[in-house]
Amino acid sequence: MQKTRFFLKGSAAETQWLNQQAQHGQQLTQIVGCRYQFEAVDKPGQVLAEYLPAATLTAMAETFKPLASYRFKHNKMAVAYSCVTGDERVVKADDNYRLTVTRQARDYALNCVNGAIVGFWLLMCAAILLANQTRVMIPTKVFLGGLGLGTVLVALLVTASLIAAIRLHRQVHALVQLTGNDKNTWKPTFHVMFRHQKDVPDTDQFGELGKWLLSVHNNKGDYYFDLRSSLSEYDIRSTIQKVVNKEDFTVMSCFGLYPL
């Protein structure tokens, strides 16, 4: 039996649906795109989806034979779907791989929003330009009807993409907190000014605060840094104050301005 569903491969929603099929006696056997192939069995096991590098899945092909597998086209990741019986305890640590795939899915959803808006605008421009060049009079009802239909379709696509992007962003946020892997994650930029310094301040000792970038300095011993950090302004100030006198530095939020 074959069923077509649109899921992010390896997601919790997909795994839940696959296990619902297993409860009805349908065991997963193959996945091709959005098509899921099932086989009727007497005692199907629960399905466990695990992310892993595609190279690892290839290397383990002879010994590790999952029910089905799926390889992502735009990265080197894959999902293996294994059968788990009730008395087995499977420990897996694929959160970093899951974070990579979820981030890409979120970016794809946001690109769909941008593409829908830009595509609709280009389509309208093309229709107006074609009408002017060919001197073809488009009836008002036809034009308004087409405009309304296009607006509804774009609104539906944008809404669905935004909902998906928000849900995926929440998953990304949870996985970042779980793994501590905040690479490529947007962070606010703080401005830190050190005064009365003989040399360039050693920001390596404050490396746990975030990424430091020297912006401006003068011959009076004033050094201005941009600090990308997910911490609060209070936490940053408290950490620096353990080493530098509070009179010799200033921390400003991303909305602050350098002192004039």
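The largest pocket in this predicted model holds about 1,000 Å³ of space. Of the 27 residues that line the largest pocket, Phe7, Leu8, Lys9, Ala105 and Tyr108 are the closest to its centre. By pocket I mean, on a 1 Å grid over the protein atoms alone, an open set of points where a 1.4 Å probe fits, with protein on both sides within 12 Å along at least five of seven lines; lining residues have an atom within 4 Å of a point. A volume is the space filled by probe spheres set on the points, which are joined across faces, edges and corners.

At least two lining residues of the largest pocket come from each of β5 (68-71), α3 (95-134) and α4 (140-179). The largest share, seven residues, belongs to α4. These elements are DSSP runs numbered from the N terminus, helices being H or I of at least four residues and strands E of at least two.

By class, this lining has 16 nonpolar, seven polar and four charged residues. Here Ala, Val, Leu, Ile, Met, Phe, Trp, Tyr, Cys and Pro count as nonpolar, Asp, Glu, Lys and Arg as charged, and the others, Gly among them, as polar.

I turn to the second largest pocket, with about 300 Å³ of space. Its lining has 14 residues, and nearest its centre lie His169, His173, Val176, Thr185 and Trp186. Both α3 and α4 supply at least two lining residues there, and α4 gives the largest share, five residues. The lining of the second largest pocket comprises four nonpolar, six polar and four charged residues.

Residues are numbered from 1 along each chain as its sequence is written. Totals for linings use all residues, whereas local features need pLDDT of at least 70.

Notes
Predicted model: local features only at pLDDT ≥ 70, side-chain atom pairs only at ≥ 80, totals over all residues. Heavy atoms only, no water.
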